[in-house]
Amino acid sequence: MKKIIIIMVSLVLLLTQYSNAQNRRNAKYNARKKKTIVVHNKRHAHAHRKRVKRTKVAHYHYRHLPKRGAIVKSMHADARIIKHNGIKYRFYSGVWYMPKGNNWVVVGCKKGVKIRTLPVGYQKIVVGPKTYYYYYGTYYVMRSKKYEVVEAPIGAEIYSLPEGNKTVKLEGSEHYELDGVYYMPSINDQGEEILIAVKNKD
């Protein structure tokens with residue numbers, strides 16, 4: 001009789017453990033599925049965003065970096081030399097510099113330039129089926145194990161622009177323009193202020 005009771009208790013314990021394990025697996029699966037749906041829906045969320053008056057300056061996150069168009073007299077010793085179309089750019093701390101006489105000017109990087117590593121603090125953005133990496137006004141995609149500079153994808157939601165952008169009126173509302181792309185100030189689902197790439201400059 002005792003053996004039967006022991007066997008029954010053992011079976012109950014085994015069934016309980018199996019049920020708990022199954023529930024944990026289901027919970028993890030549902031969490032992954034939910035996360036995927038949220039990301040997918042966010043790809044199209046910009047179409048429903050409202051225009052707002054931005055309360056923070058557009059370059060808030062990059063306030064410690066030089067503004068676009070700034071002239072720099074000396075270059076950091078750790079700046080990387082990246083040659084593209086005959087121009088020897090310097091790349092340091094996520095900022096691109098182009099030679100101008102004996103000085104350097106802060107510029108937007110030309111499309112097609114490639115780097116091996118992304119700058120610290122980059123933002124990952126998913127627009128449609130593609131993944132982009134953004135930092136200081138420049139967008140990158142991974143190609144052949146390198147990060148290539150590309151045009152800004154319309155619909156991208158970013159947190160900040162470099163100082164040196166322009167404030168313009170577009171369709172009667174305040175927008176920001178940088179490198180030929182118009183950005184609309186808005187609020188994301190978490191209540192954070194963002195800028196959405198809405199149009200390329202004609």
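User: Is Lys145 buried or exposed?
Analyst: Lys145 counts as exposed, because its relative accessibility is 77%; exposed means over 50% relative accessible area, buried under 20%, and partly exposed in between (1.4 Å probe, protein chains only). Before we go on: this is a predicted model, where local features need pLDDT of at least 70, side-chain atom pairs count only at pLDDT 80 or more, and totals for chains, interfaces and linings use all residues. Residues are numbered from 1 along each chain as its sequence is written, and side-chain values use heavy atoms, with hydrogens and water left out.

User: What phi does Lys145 have?
Analyst: Most residues other than glycine have a negative phi. Lys145, although not a glycine, has a positive phi of about 65°. Lys145 is found in the loop between strand E9 (138-143) and strand E10 (146-150); strands are DSSP runs of E, at least two residues, numbered from the N terminus.

User: Where does Asp179 lie?
Analyst: Asp179 lies in the loop between strands E13 (173-178) and E14 (181-187). Asp179 also has a positive phi, about 55°, and is partly exposed at 48% relative accessibility.

User: How many aromatic pairs are there?
Analyst: A pair of aromatic rings is described by the distance of the centres and the angle of the planes. A search of the whole structure finds seven pairs. Rings of Phe, Tyr and Trp (its six-membered ring) pair if their centres lie within 6.5 Å; planes under 30 degrees apart are stacked, over 60 edge-to-face, the rest tilted. Among them, Phe91 and Trp96 have centres 4.3 Å apart and planes at 35°, so that pair is tilted.

User: Is Trp96 buried or exposed?
Analyst: Trp96 is buried, at 1% relative accessibility.

Technical notes:
Helices (H or I, at least four residues) and strands (E, at least two) are DSSP runs, numbered from the N terminus.
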